[in-house]
Amino acid sequence: MFAKKQIITASLSGLALLTASHYSVAHPHPDNLALRWQVVDHGIGENIFLGSLTITNNGLEPLGESGWALYFSSVRPPASVLPGSDPNGQYARQHIAAQNLSLENADDAKSGDYFVLKPTAGFAPIQPGESRTIEIVAQYWQMLKNDSPSGFHISYNNQAPQAVLVDVMMDPSDPKQTKQAVNDNMPVQTSAIRFAENSVTHMALPLKNRLVPQPHSVVTPNDEFLTLMSQLTSISAPASLAKEATFLQTALRDILSGTFAINSTVQNGPNLIKLQLDPNLDTNQDNQPDASGYKLEVDAFSGITITGSDAQGVFYGIQTLRQMIPTAVYKTAKNSATLSDNAVLPASTILDAPRFEYRGMMLDVSRNFQSKETVFKLLDLMAFYKLNKFEINLANDEGWRLEIPGIPELTEFGAKRGYDLSESTMLHTFMGAANGFAPGDGIENKPTDETAANLGTAPSYQGFEIAQQNFLGKGWGYYTVNDFKEILQYAADRHIDVIIEYDFPAHARAAIKAMEYRYNKYKDSDPAEANRFRLIDPLDQSQYYTPQFYTDNFINPALESTFTFLNHVVKETRAIYDAVPDATLTRLHGGGDELPHLGPNEWWAQSPAVDQNPATAGKTDAELFDYFFLRWKQIVNQHGFDMATWGDVLSHNGTGNVSYGEIFPVFWNNVWGWGNEHQAYKFANQGHKVVLAHATNLYLDLAYNKHPDEIGYHWAGYTDTKKAFEYRPFNIYANAEHDKLGNPVPWDPKWVLLSEAGKQNVQGIQAQLFGENQKSPEILDYMTFPKLLGAAERAWVQDMPAQGAATTEAWHTFTNTLGQYALPLLDYYQVVDINAQIPQQVGVNYRIPLPGGAIEGGKLIVNTRFVGMATEYSIDQGVTWHRYEGPVTLTASSKVQLRTVSDSGKVSRVATVN
């Protein structure tokens, strides 16, 4: 079943591979244990479901009646850890106890998603050759395979644990497994559903519709072209555009054979690319200059001229020019040892400028760390689609990812996860990810690489891979000061502002535990230093339970050391920015989200420090939040940053009676039916400058659709490219067709419409990629692309199509844009690596859509979402594949499999037609 070679052990001899130094009695070697998780039934009660864990003993020794503990992570916690008074908790504990087992929080703090299964008195050993199915009552629901338990490791007699690999089974056709509740009417994706959705026909697209985002105005003279002769082409640019000229030169050298000299004395007419500035450039004829606007002229006789209202505008003109170069040129650069000598471009005049000043993407590297090189690639792609704000979540519950001089413990401790139940040297493991396949995290015998973790099959990363549950992921890692300086410069070279997020007062567990580690380091030798940056009151008995199951992730606002810590962090952050002159000192995101509301006073009410501090004594939780956030904002501002926050700060965390001054909230929570859909508009109407990051349409980490083999979360529903493309920033209610369970969304009378003044306060939109499931760079690509292209359209394109037929027509055109032009280009995309900072990066692992298919009158008919992509079919269970060219006559016994094929030959997951 698994790739690891079975290890035969002699159960009671000195030859046993599991020696007495590991175990006092012999147990099966972990390689000889096979685990399988399966969803059984979502219909057993409200907010719980039944799952099963089957343990198969392939060894020669029994898995004993005692002496073992099986650890794992799960984003769907066992209900047995719920409080004693909770009926679901009582039921789950009785259910597991009846099997002579216990299932509890694994770590000493009993905080997070880490659990342990142990035998209790009366447990019958699992004999060699036996499979034992254990039923587990879990919280909430599991719609996708990546919701299942992960990162299993077994400890015998309290010795170092060893990895045990798991497989996951879900039957997409079984409603008990796929219906969250009785009112869950969201269908599981099938070939038939896709076939009905993929109704778009092939279109011959004009130049305007071949580009992403679509330019404002494109004029193309009939049958005129410029043949750019790369050996003759040079670039002309003033000193103020030197960086843009170098970027263009590098981009062209990657794919064409010329050197593209800058400001050469030889001017070659049609083979000259001229970069220039015109601060008065008006791209939309409103008699106003357009910031970031550009004019791109491609002329068969005079060459190429890019005029920008500013350097950023010139840069965006360069990006449009890059998209105009035929895909075949990029393909040759990837597949041939010889680069193309020329590129044929349509003669054209393009006038363009952005709709919103703020066009952002957020990347969370706390949950799963991403390398500097992965960030570079993402920044380059963001710039390609004219995005200009990059928020990076560097500090959250699951990891602290930036070196802060003066507080080495933040990364020495807070950038590591593993088997450490007391969390004395590192955070405990989260979501099955510790130090990947590398040593050092206290878990032995892990798979050596992603193929071993994937049970012997190299992952294709076109959907769920079982490696995701078998230690794939980076719980370890951080950026040094120099690393982050490079990130700032890399972004600045692409006209992207970097916005760091430090999330406080909640979501602060990594910082809190790191400062406790620091406290223990100094408490005996230097008590003052031990307490200098301490973030919690050790006597605080307040009880809360966050959406991520933490009970200890709030910093304490009554401690002066809390603000000493925050001040030091922001001071050192400012120093990093100051060391990169090209980096814009912009916003710092201070967090402020997801403080749970289970009662009126639960966050800090039981902290003696609150009563001992005259500034906080007698305050309610909401008043303490106001007190904290006013001081937190003051620290951020005094170091030169503007204060960005999550919308929660305004909508419900504080008293509502205190003005925080100028803050820039990012609103995420518009989940249909939760009651917060209108909050962004409410506060924009009141005068706040807001950024829209609405989860239902802009959360890239939500699964593309409902199918067990998709990757992502689904708490706000499912979000695909179409949802991102059809997002209406000024009327989100038009997007409220169905809730996350597939039911119609009724109009809520309390919803607030966005006023004309409020529209002026919407600074832009931000796509969000949280990191719980981003366990490899390939998964990051898959979740981001092509969704991000839809978001880029809405952030940039000035003319939003009207609701109804116009939007439908625009989407049909966009599906052709992606299938014929944008996605083939991504197959061969090369990162523009100006300073040779990373290994060559070619291609993007975007999600290849599964085909739709139907059998009508004995004929197979196939279509695909992005028109222009090829499809293949197989009637021999995938042994041979045939290119689909048109309806195929089938025999009555044919079993048909389908897949979509990219321009470079990558394939989607396989679909079946019934």
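Q: By class, how many nonpolar, polar and charged residues does the lining of the largest cavity have?
A: This is a predicted model, in which local features need pLDDT of at least 70 and side-chain atom pairs count only at pLDDT 80 or more, while totals for chains, interfaces and linings use all residues. Residues are numbered from 1 along each chain as its sequence is written, and side-chain values use heavy atoms, leaving out hydrogens and water. Ala, Val, Leu, Ile, Met, Phe, Trp, Tyr, Cys and Pro count as nonpolar, Asp, Glu, Lys and Arg as charged, and the others, Gly among them, as polar. By these classes, the lining of the largest cavity has 8 nonpolar, 3 polar and 2 charged residues.

Q: What is the volume of the largest cavity?
A: A cavity is a set of points on a 1 Å grid over the protein atoms alone where a 1.4 Å probe fits but cannot get out, and its lining residues have an atom within 4 Å of a point. Grid points are joined across faces, edges and corners, and a volume is the space filled by probe spheres set on the points. The whole structure holds 6 cavities of 30 Å³ or more. The volume of the largest cavity is about 60 Å³.

Q: Which residues lining the largest cavity are the closest to its centre?
A: The largest cavity is lined by 13 residues. The closest to its centre are Trp37, Ser74, Arg76, Ala138 and Pro149.

Q: Which helix gives the largest share of the lining of the largest pocket?
A: A pocket is an open set of grid points with protein on both sides within 12 Å along at least five of seven lines, and the largest pocket has a volume of about 1400 Å³. Its lining has 45 residues, of which Pro547, Gln548, Glu594, Trp674 and Trp715 lie nearest the centre. Helices here are DSSP runs (H or I, at least four residues), numbered from the N terminus. The largest share of this lining, 3 residues, comes from helix 16.

Q: How many nonpolar, polar and charged residues line the second largest pocket?
A: The second largest pocket holds about 1100 Å³ of space, and Glu197, Asp720, Lys722, Lys723 and Glu737 lie nearest its centre. Helix 23 gives the largest share of its lining, 5 residues. The lining divides into 15 nonpolar, 20 polar and 13 charged.

Q: Is Val481 buried or exposed?
A: Val481 lies in helix 10 (residues 481-492). It touches Glu403, Pro405 and Ile576, not counting residues up to four places away in sequence, where contact means heavy atoms within 4.5 Å. Buried means under 20% relative accessible area, exposed over 50% and partly exposed in between (1.4 Å probe, protein chains only). With a relative accessible area of 13%, Val481 is therefore buried.

Q: Which residues have the most contacts inside the largest nonpolar core?
A: A nonpolar core is a set of buried Ala, Val, Leu, Ile, Met, Phe, Trp, Tyr and Cys residues joined through side-chain atoms within 4.5 Å. The largest one has 174 residues. Those with the most contacts inside it are Leu275, Trp400, Phe484, Tyr502, Phe504, Phe565 and Trp632.

Q: What is the phi of Gly640, which follows helix 15?
A: Helix 15 (residues 621-638) has 18 residues, and its buried residues include Phe625, Trp632 and Val636. Gly640 follows this helix with a positive phi, near 95 degrees.

How values were computed:
Helices (H or I, at least four residues) and strands (E, at least two) are DSSP runs, numbered from the N terminus. The expected span of a helix is 1.5 Å times one less than its number of residues.
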